[in-house]
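Could you walk me through this structure in the viewer, one selection at a time? I would like to know what to pick next and what I will find there.

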Amino acid sequence: MRTLWRSWILAAGLAAACGGQEEFREIQGRVTEFTLNNGMKFIVLERHKAPVASFLTYADVGSAQETKGITGLAHLFEHMAFKGTDKIGTKDYAKERPALEKVEQAYAAWQQEKRKGGKADPEKLKKLEAAFKQAQEEAGKYVAANEFGEIIERAGGRQLNATTGSDRTNYFFSLPSNELELWFWLESERFLHPVFREFYKERDVVMEERRLMESQPVGRLLEEFLAAAYKAHPYGEPVVGHMSDLENLTRADAEAFFRKYYIPSNLIAAVVGDVNPQRVRELAERYFGRIPSGPKPEPLRTLEPPQQAERRVTLWLQAQRTVMVGYHKPDINHPDDAVYSAIGSLLSEGRSSRLYRGLVRDRKVATQVVGAPGFPGQKYPGLFIFFAFTAPGRTNQEVEKAIEEEIERLVKEPVGNEELEGVKRRARAGLLRQLDDNMSLAMELSSMQALTGDWRNLFRELDKINAVTPADIQRVAKQTFTRANKTVGLIEPLEAAQAR
Amino acid sequence: MRRRTLLGFAVLGVLLAAPAASQIPKTYKELKYPPLNRIEVPEPVRFQLSNGLVVYLVEDHELPLIRASALIRTGSRWEPAAKAGLASIVGTVMRTGGSERFPGDQLDEELDRLGASVETSIGEDSGRAQVSVLKQDIDRGLEILADILRHPAFPQDKIELAKIQQRDRIARRNDNPNAIAFREFRRIIYGPDSPYARQPEYDTINSITRQDLAAFHREFFQPENVILAAWGDFSAAEMRAKIEKVFGSWPPGGRPKPPAPAVDPAARNRAGLYQIVKDDIPNAWVVMGFLAGQRNDPDFYALEVMNSILGGGFSSRLFNKVRSEQGLAYTVGSTWNAGWDYPGLFLALGSTKTESTVQILEAIRREIAGLAQGGAGEEELARAKDGILKGFAFEFDSTGKIVQRLVSYEYYGYPRDYLQRYRDNIEKVTREDVARVARQYLKTDQLAILVLGKEKGFEPPLSALGKVTRLDITIPPPKQEALAAATPEAAARGKELLARVREALGGTARLSAVREYTVASTLNLSTPQGEFALKMESTVNLAGRMLNKMTTPMGEMVQGYDGQTVWMRTPQGVREAPASQRAEAEGSLFRETLRLLAGLDSPGLTVQALGPAELEGRKVEAVAVRDEARNLQVKLYVDPATYLPAGKTYTAALMGAPGEILEIYSDWKEAGGVKWPYKTVLNRDGKKLGENTVSEIKVNPGLEESAYRKPQ
């Protein structure tokens, strides 16, 4: 019984190795792509299961494009992109426009006095602040609150949101498919005639978002951990921004950022669902063709220099023990990228994964653990990170040591064929499971296009994983998981010690 | 076959002929849409096996995948209160432990090799078992699913593993403020002992046995309690045969389905102001609400629309006013969370910086009151209704969604066409309906309001708003082992033994001269990864102060307790530990041998001889000292030959985990006229934790009182 079952597994595993991207031909055949004259790229995937469609705009800009002093701007801009245009979100733009200018002037005057620091005149400060608030209130009279979102909601829209990461900013929602043109109308106006109204209030909202992060132990750990792992590259900065930067960002900063990065050649749109690609192309040319082209922003200059020594941060908090370990790795376009994916799968996918089995089930030093590549981004060299919740009564040191032992196994012992076949079969099954949701397809296709230059890499990745050998895994593990390349972040609890 | 809209092409033809720019309407309102393509709803096949198990099947050939999901009539609301956590552990161990035929560890390997998953879980009001496989693996998937549902093995090691996870969840439950706020608000409304709000504690988890798991399984896992849905790349006829094969032989259990436990009527009346103090966060959470209703209440539809206007979505009143207009919050909104078969909660909430705590409270309450008094406008009503009605096509964009919805309706006893009825009823909601339900339900004087955050740092203080009820969220430590009531003889014998211990250690005169002592030592912790050495210097003042210095690989740490506050100095600076740590510090001081012997006559303390016992093969006499009111207890083992303490056991939290600690003493030496054990072996829950070796003891080192206080 036992042996039969074993060999049966083996047979299943071997069969899996044959399944490459070939079988995903059909879905790839349903993709249409085109680029407008101004450089904006479109990817359209037909899926006629239900009369709905998902829309996503991928802006190839994230917090990695920020410099000192303007951290948080990419994310704050994302919030501003919901504030409307000269036609949306206003009761009377002719009157609102000068009112908004007055807000800017009042803010600048107040800030100028504030910058004098100790020498600032307190009476004058109070007056200037009051004047600013007054100007804000005046401009507020013309605001049609959140009209951009309201239009989408009234159209029966779903999944309305936007996200900002280190690599990207995404804007998305879904509509009943007959309202296709509404997306074109709204989204093209959004990036053609944006108006940054309520800027300083939205900045307050983002500061609240930052406080939410600060109130979470893991949020605080992540920020300190990234700051330790990077000393030069902007991946070390928090996406939400530093509080002092948020306090000083201006509408002019946001406008400059917009002009520089929100040019058509920096945007990719993905449309997935019950749509006719010909019609999508027509509408794209008509609506988005209006956006003037601009020079592609210069690539980032800074590269993180090779790490020279282990780095550590420990946070003592009113929270339970938590461990993060990270190692620098190359970006998504490196030839070894699939090897890192395979290592992540070996370590973390499923209950038979090495980390779950080793740390949770057998050693019982952790209650949750994961190890994965690609944090905080993939466009530039990121980190392979391990994250664990230390089990009650166990120490962070035990968890760290256990992770090291699993790493050592990767370096010293070649991975068995059976285990590697599991990785390959899971990669195929995992890809299949991603293909039945319009929005997740829109996200995956646009990401692959932006990060690797071709959406087809979503499927080619399978062939690359199928080609990974046990020797590749040993080689890459040995190169990556070294002492000098390691950053550790720990949460230690504030708790009463027993007397002895 | 799908119909392509001819109209779409016709429109396209016209558009192509015209110059592009002029085609763009000035306002989106001028856009003309073609009719929506027909929503093609697959009709699920429903049938019942002769044993009562209900099945829904839908073919979907888009991808070579098959999924199955069973909803099972069980849940934590039916577990015994004293065993809170049992249902969740059953749900976990069914899968991690597997069955006799499919042991859990082997399942882990097999499923991961297949790229498949079989998972089970039990939540508050239902259990779930799910299979997701590539289509060629469906036979294996179903076979596994049926066997672990019918014959779970519940092996002891996987029960222990699940208990570690549960204890970890308990230990971490106060780490995140948002989780605290939601949980505690539920407890305020339903009551902390309600089946809808109670939570696992160390005691309830510790008391759960394998028999409890087996009994719980027997009670609920019968085919009559299971509704199974499968969808994906199969033929319904073949799938039916496969399901008959693995589930058909499951004999009916014959037990009636359990009805939903009632909600305490007092839950309707929890108005008040509640506060939880959390001092280490820069923001406050404000949650307010009351007991709501069920999805089958006649008013449900109007309430759903009302809530959407108040705080649902991107352009609700709360979002517009509190977030966009006032910039007070990132998170703000409300939900009318109607239950399927018991009353759910209405809640409105927001999070803001400490300074604006009261401001956001008032702002949210103002919007609730405004809707109650003024009702909603025509535009708002249209937004809320259109949002639901025009997006109706999204209810049919995934086969899993369609079939699982039907399973839920049947599980909770709703009609199969409930979705259509819901739609029709939403359509009928008028402004008058919204005004009426808002007036009837949104009563600001009936709100329970919970504020979580710093105690101070905002104006006015909470007390200015009304009477404040402070909630204590300290995690209850496990109860001490229950001892038989002390007989007068046992009490006398106990005191006599401890008097002899006092003599053996140096005599009353010398002991009472000790006011304070410092013990320098090395603590070697044993772990599976080897030993970790910590240098320690512990000072105890018998008046009830404590100061520990530790040198760890992370740097030097100092922990102090001045009788009021537990604090720590780490390389990161000085921090106050949560108030809950005070009990741990008091427990630690309580157990100090010299302090224990000096305070035997304190009121509230009971001493009791427990008779002969065995400690690591040695014959000893056991004495218990107990302070019932403070839930403190220690057992001292006395060597009958020397009357020196041979060891001590007690319950304490060490590194975030309460456990049974055993200290074993040896290597007795004199310092300051008193005998001390220079070596202590520490065990937790029967396993060696480490060894403490003393290098030096100073008696009456004369620390300043201020040394115990938190440095400024």
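Here is a tour that starts with the whole model and then moves through chain B and chain A.

**Stop 1: the whole model**

Before selecting anything, keep in mind that this is a predicted model. Its scores are ipTM 0.92 and pTM 0.90. Now colour chain B by confidence: the average pLDDT of chain B is 92, and 96% of its residues score at least 70. Then select residues 1–19 of chain B, where pLDDT stays under 50. For that stretch the model has 17 contacts beyond four places in sequence.

**Stop 2: chain B as a whole**

Show chain B as a cartoon and you will have 20 helices and 25 strands to explore. Along the principal axes, the C-alpha atoms of chain B fill a box of roughly 105 × 65 × 50 Å. Chain B has 712 residues, and 43% of them count as buried.

**Stop 3: where the chains meet**

Next, select the residues on each side of the contact between the chains. Chain B supplies 106 residues and chain A supplies 96. Colour the chain B side by class and you get 50 nonpolar, 33 polar and 23 charged residues.

**Stop 4: a six-stranded sheet in chain B**

Select S1 to S6 of chain B. These 6 strands form an open sheet with mixed pairing, and the order across it is S1-S2-S6-S3-S5-S4. Which strands stand at the edges? They are S1 (45–48) and S4 (117–122) of chain B; each has a single partner strand, so one side of each is left without a neighbour in the sheet. On average, neighbouring strands here are turned by 15° against each other, direction ignored.

Within the sheet, pick out S3 (residues 65–72) and S5 (residues 127–134) of chain B, an antiparallel pair with 8 bridges.

H9 (residues 236–247) of chain B lies across S1, S2 (54–59) and S6 (226–232) of chain B, and it runs at about 150° to S2(B).

**Stop 5**

Move along chain B to S14 (residues 530–541) and S15 (residues 545–552), which run antiparallel and are joined by 7 bridges. Zoom in on B:Glu537 to find its bridge partner in S15(B), B:Lys549. The two strands form a hairpin with 3 residues between them, and in the turn B:Gly544 has a positive phi of about 105°.

S15(B) is also joined by 7 bridges to S16 (residues 555–561) of chain B, again running antiparallel. Here B:Met550 has B:Met557 in S16(B) as its bridge partner.

**Stop 6: a buried strand**

Select S21 (residues 632–638) of chain B. Is this strand largely enclosed or left open? In S21(B), 7 of the 7 residues are buried, so the strand is largely enclosed by the rest of the structure. Show the side chains: B:Leu632, B:Val634, B:Leu636 and B:Val638 point one way, while B:Gln633, B:Lys635 and B:Tyr637 point the other way.

Then bring in the neighbours. S20 (residues 618–627) of chain B runs antiparallel to S21(B), with 7 bridges between them, and B:Ala624 has B:Lys635 as its bridge partner. This hairpin has 4 residues between its strands, including B:Asn631, whose positive phi is about 55°.

S22 (residues 645–654) of chain B pairs with S21(B) in the antiparallel sense over 4 bridges, and the bridge partner of B:Tyr637 is B:Gly647. There are 6 residues between the strands of this hairpin, and B:Tyr643 in the turn has a positive phi of about 60°.

**Stop 7: a helix pair in chain A**

Finish by selecting H16 (residues 417–434) and H18 (residues 457–466) of chain A, which pack at an angle of about 170° with their axes 9 Å apart. H16(A) and H18(A) are therefore roughly antiparallel to each other. Show A:Val423, A:Lys424, A:Ala427, A:Arg428 and A:Leu431 of H16(A) together with A:Leu462, A:Ile465 and A:Asn466 of H18(A), and you have the contact. By class, this contact of H16(A) with H18(A) has 5 nonpolar, 1 polar and 2 charged residues.

Methods
Residues numbered from 1 in each chain as written. Chains lettered and ligands numbered in written order. Predicted model: local features only at pLDDT ≥ 70, side-chain atom pairs only at ≥ 80, totals over all residues. Pairing = 2+ DSSP bridges. Axes fitted to C-alpha atoms, helices over the stretch in contact; angles between N-to-C directions. Parallel < 35°, antiparallel > 145°, perpendicular 65-115°, else oblique. Contact = placed C-beta atoms within 7 Å. Nonpolar A, V, L, I, M, F, W, Y, C, P; charged D, E, K, R; others polar. pLDDT = per-residue confidence, 0-100. Buried ≥ 20, exposed ≤ 12 C-beta atoms within 10 Å, placed from the backbone.
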